[in-house]
Amino acid sequence: MFDGTQRRIVSLWFPRFASDRVLRAHPQEGPFVLTLQQGNANRVHCLNEAAQARGLQRGMAFADARAFCPDLSSRPADPVEDQRFLALLRRWATRWCPWVGFEGPDGLVLDITGSAHLFGGEAAMIASLTARLTRAGLAVEAGTGGTRGAAWARARYGAEGPLESLPIAALRLDPETVTGLQRMGLRSIGQVAASPRAPLARRFGAELLLRLDQALGTRPEQISPEAEPPHYAVRMTLPEPIGRTADVMAGTARLLERLCGKLTDHQTGARVLCLSLRRVDGDYRAVELRLARPLRDPARILPLFERGVDEVDAGFGIDQMRLEAVTVEPLPVEQIAQTGTRDPGRLDDLITRIGTRIGLENVIRYLPADSHIPEQAFTIAPAAFSSPGNGWASPRPRPVWLFPPEPLAVTGPRPPRQFVWRRMTLTTGRATGPERISPEWWLIDEAWQSGMRDYWQVETVQGRRLWLFYTPQNPGWFVQGEFA
C-alpha cells in the first residue's frame, strides 16, 4: 500500500578509501600509493590526492609510477582489512537510518526514506554525515535519488543536473558495453533512454535495459541491509556482592544457560570462553577457558570453570558477571545415537582439563601421513585442533617403537649372526626380509643421504625383536626400531 512517502536513497562513495584508511593510521605528506600484486606485476591499487595530481592512476605498474614520481611512498594493500573497516563504517552509518548496505568495495548505500526529518531534512542530514566522514580523514562523495541507480550515478558522476544528462557509464555497465554505446554515438543516459529498446537488447543484452530501468525507477531494486553478526555474550548484575566459589559457579551456570541458548540458535559452539568478574572496588578478574572441541552443552562446560573460579581473588565481593564466547565455530545439529556407544565427548573433556593446566597445544596426537619413509609416515598435531586419523593401515609390519638409526659394528649384506647393541650381546634367531625402501628423491633429507635401505625384522635368541636395515650404496648396518 502506498503511504505517500517518496523513496529516497543515498549513495556514499569513497574514491580513495584504501589509501585514506592507511593514512589515518600512518599520516605522511607527499604522494602515496598502495600496491597490490596482480599476476606477475606489482600495480597501483589506490592512491592519495597528491599522487593523483602527479599523473598517477590506478592499475598502472608500480615501477612506472616510481619512474614518474621518484619521491613516491608506498605500502602493500590489504583488501581484507579494507573490508573490515568498511563493515565498521556500515555499522556506524546505521545511526542515520536502519537500512544500510554495501555498494561495492568502496561504497555504502542508505535508504533514508522516512528518517531524514529526524536530522533536519535531507540536505542537513547529508551535510552532517559527509562532514563527520571528512573529519575522520575519508574523502567521500554523496549522491541522492529516488532509486539506487540514480543515487549511485550522482555520487560518482556529479550530483548536479538531471539524471538524463549524466554519461552512460553512470548506469553501472561493464566497460565493453560503455565503449560499444559510445561508438554508436550514445554518450548520455537520456540518449540511451530515447533510443529504440529492441536493437539495444539484441546487441548488448538485457543487462543494459535492466540498469536503465533501475536508474529511472521503472524497475525496482532492493536494498538489503547487512544483518548484524550475533553477539555471544551475556551479563548479570548482582543485587548483593558474592565471594564464595559455589555462588560464583551458580551464577556462571545461569549465564551458561543463556549463552548456550544463543549458540544453539545459530548452530555454533564455543571454543574459547571468558568469564569476567567485576569486584566492588571496580577491578576485574577474568577466567579464560579454552575447549578442545566446540561445545554448547552447559552441563559439560560448567565443571571446567571450577578450577579457574576457585583461584579468583574476589576481594570484598563480586557484583557483576559477564560470560562471552570469544571464539566460536560451526557446530551443526547431530543425531543422538541410541546404541549405547562410548561418548566421544568424554575424551574432549579430558583434553580440555589437561589443556587448562599445560596448554591445549601441548596435548598432541599422531596422525598418518602419506609417505613410505618410516620416520615420515606420521605427523604430530595438537589434539584439540585435529581429528583422529584412520589411515594407519600398512602393507608391512612396522615397529611400535621407532628411534633414530643406531649403527652396528658388523659387515656383510646379510643380517649378522651376533652383534652388540646398547651394550647387549644379541644372537639372531630368525631374520625376515629384506624390504627395500628408496629415499624420496624430490625431498632433501640428510638422514637418507646414504641411499636406499634394506630393512630386516630380526628376532634374537634373547627375546628382542628389532628392526635393522642395511645400506648397500654406503655399506653399514643400523637399528631403527623395536617390535612389541
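Q: How many cavities of 30 Å³ or more does the structure hold?
A: The structure holds 1 cavity of that size, 30 Å³ or more. A cavity is a set of points on a 1 Å grid over the protein atoms alone, where a 1.4 Å probe fits but cannot get out. This is a predicted model: local features need pLDDT of at least 70, side-chain atom pairs pLDDT 80 or more, while totals for chains, interfaces and linings use all residues. Residues are numbered from 1 along each chain, and side-chain values use heavy atoms, without hydrogens or water.

Q: Which residues line the largest cavity?
A: Lining residues have an atom within 4 Å of a point. Here they are V10, L110, I112, M125, I126 and L129. The lining has 6 nonpolar residues, no polar and no charged; nonpolar covers Ala, Val, Leu, Ile, Met, Phe, Trp, Tyr, Cys and Pro.

Q: What describes a pair of aromatic rings?
A: The distance of the centres and the angle of the planes. Rings of Phe, Tyr and Trp (its six-membered ring) pair if their centres lie within 6.5 Å; planes under 30 degrees apart are stacked, over 60 edge-to-face, the rest tilted. The whole structure has 11 aromatic pairs. One of them, W152 with Y157, is tilted, at 6.3 Å centre to centre and 45° between the planes.

Q: Is W152 buried or exposed?
A: Buried means under 20% relative accessible area, exposed over 50%, partly exposed in between (1.4 Å probe, protein chains only). W152 has 15% relative accessibility, so W152 counts as buried. Y157, at 34%, is partly exposed.

Definitions and conventions:
1 Å grid on protein atoms, 1.4 Å probe; cavity = no way out; pocket = protein on both sides within 12 Å on 5 of 7 lines; lining within 4 Å. Points joined across faces, edges and corners; volume = space filled by probe spheres on them.
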